[in-house]
Amino acid sequence: MSKTYTIGTAIESLMRDGLPLRFTAYDGSSAGPPDAEFGIELLNERGLSYIMTAPGDLGLARAYVSGDLDLHGVHPGDPYAAFSLMMSHTKFRRPSPREIVDIVRSLGISHLKPPPPPPQEHLPRWRRTVEGVRHSLQRDAEVIHHHYDVSNTFYEYVLGPSMTYTCALYPTEDATLEEAQFAKYDLVARKLDLQEGQRLLDIGCGWGGMVRHAAREYGVKVLGVTLSREQASWAQQAIKEEGLDHLAEVRFMDYRKVEETGFDAISSIGLTEHIGVKNYSAYFGWIRDHLRPQGRLLNHCITRHDNKPRETGAFIDRYVFPDGELIGSGTIITEVQDAGLEVQHEENLRVHYAKTLAAWCRNLEENWDACVAEVGEGTARVWGLYMAGSRIAFERNDIQLHHVLATRTDENGNSGYPLRHTF
């Protein structure tokens, strides 16, 4: 015998242990405890169509980014508290074929026609594969543009004065974001043993934070490269304003086009995530070939907690890091070693990234109106969603952040590395 569902009873039927928050829908139905601290409100039929045609994180993200789904009890710039509760206490069960038929019939077969995705969404991976070779120079430039050329002003609000979009290093629990970003750059510099007059290449340099730090604090001659035209323009202006033109330069170009070689040190901070695991061998081989003998590499990147290949979630792939790939630190160390570099040190900064993301979410919340005016509410919602979710992933050890320090040890076994670490 068939059963008739409202949106609320359909949602409730799919929860193994019930909902930890209040759900309300435009049809007047509801689910979950009435006195819950947090709530989800489905505002219209388009939102329902998004959810029904893309079950899971993608459908929910589409509805939320489009404004068809609202969260209550949290700010859209920092929905961490509600997300954390949902991830801890929401367990879906698989409905039977009969239940699926009844739910679809009750809620309307017309909702199985997918609405156009929000403008913030990138093409699906299969379309990107058909239209361009993955990790080709052109395609890498396109996906970097999608993520990083949002608006320099928007990034200034979210990232703060350091304009650094990578994990900070908190020297104390109560350190500020700016103090932590300075500490991160200084740790990288000390691991690389930068000395005045040396030459550093910073691959994927972002807005030039490491470039300017190394030039200003260590007197190093630095070249930074980025695939984001907006980043390069901002970085070059910051270099001029700090009077570092004689030491520092940022170019809008692919690192594979850099003609200089024989660098004393190379830093790769937050770029390996974009390279593609299959390209690690070529990447670290390129770095080895552009280091002088006894030169150093510091690779800083997000990793998995294990070395099992898996795809990123649909939301991350479509809205945040198209073509992004993560793998465990063991794979990265293996590839660095197989490229002919000697690994000298490795460490995990996972908990520091959770704190960094919390700080970015605070900035987004505090500057919400200005951010929305700059990029639109949909894009601002994407960032709140993504950063809060990423914070939870780091806190729960789903993902990590690893530093791998290596040397181009010469054929006689001379690495230039001291008996013990000096950083």
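This is a predicted model: local features need pLDDT of at least 70, side-chain atom pairs count only at pLDDT 80 or more; totals for chains, interfaces and linings use all residues.
The crossing of helix 4 and helix 18 is right-handed, a crossing being right-handed if the near helix is turned clockwise from the far one by less than a right angle, and left-handed if anticlockwise.

Residues are numbered from 1 along each chain as its sequence is written, and side-chain values use heavy atoms, with hydrogens and water left out.

The protein chain has 18 helices and 11 strands. Here helices (H or I, at least four residues) and strands (E, at least two) are DSSP runs, numbered from the N terminus. The radius of gyration is 24 Å, close to the 22 Å that the globule rule gives for 423 residues, so the chain is as compact as a globular protein of that length. That radius is taken over C-alpha atoms, and the rule is 2.2 Å times the number of residues to the power 0.38. Along the principal axes, the C-alpha atoms fill a box of roughly 80 × 40 × 40 Å.

Now the sheets. Two strands pair if DSSP finds at least two bridges between them. Strand 1 (residues 22–25) runs parallel to strand 3 (residues 39–42), joined by 4 bridges, and Ala25 stands opposite Leu42. Strand 3 also pairs with strand 4 (residues 69–72), this time antiparallel, over 4 bridges; there Glu41 has Asp70 as its bridge partner.

The other open sheet to mention has 7 strands, ordered 7-6-5-8-9-11-10, and its pairing is mixed. Its edge strands are strand 7 (248–252) and strand 10 (342–348), each pairing on one side only. From one strand to the next, the twist averages 15°. Inside this sheet, strand 5 (residues 199–203) and strand 8 (residues 263–269) are parallel and share 4 bridges, with Asp202 partnered by Ser267 of strand 8.

Which helix packs on the sheet, touching strand 8 and strand 10? Helix 9 (residues 177–191) does, and it also touches strand 9 (291–304) and strand 11 (399–407), its direction making about 145° with that of strand 9. Contact means heavy atoms within 4.5 Å. Axes are lines fitted to C-alpha atoms, for helices over the stretch in contact, and angles run from 0 to 180 degrees between N-to-C directions. Helix 18 (residues 377–395) lies across strand 9 and strand 11, at about 70° to strand 11.

Back to the helix pairs. Helix 4 (residues 80–89) packs on helix 18 at about 50°, with the axes 9 Å apart. The two are therefore oblique to each other: angles under 35 degrees count as roughly parallel, over 145 as roughly antiparallel, 65 to 115 as roughly perpendicular and the rest as oblique. From helix 4, Tyr80, Phe83, Ser84 and Met87 meet residues of helix 18 including Leu385 and Ile392.

How do helix 16 and helix 18 cross, left-handed or right-handed? Their crossing is left-handed. The axes of helix 16 (residues 350–366) and helix 18 come within 8 Å and cross at roughly 155°, and the two helices are therefore roughly antiparallel. Among the contact residues are Tyr353, Leu357 and Trp360 of helix 16, and Trp383, Met387 and Phe394 of helix 18.
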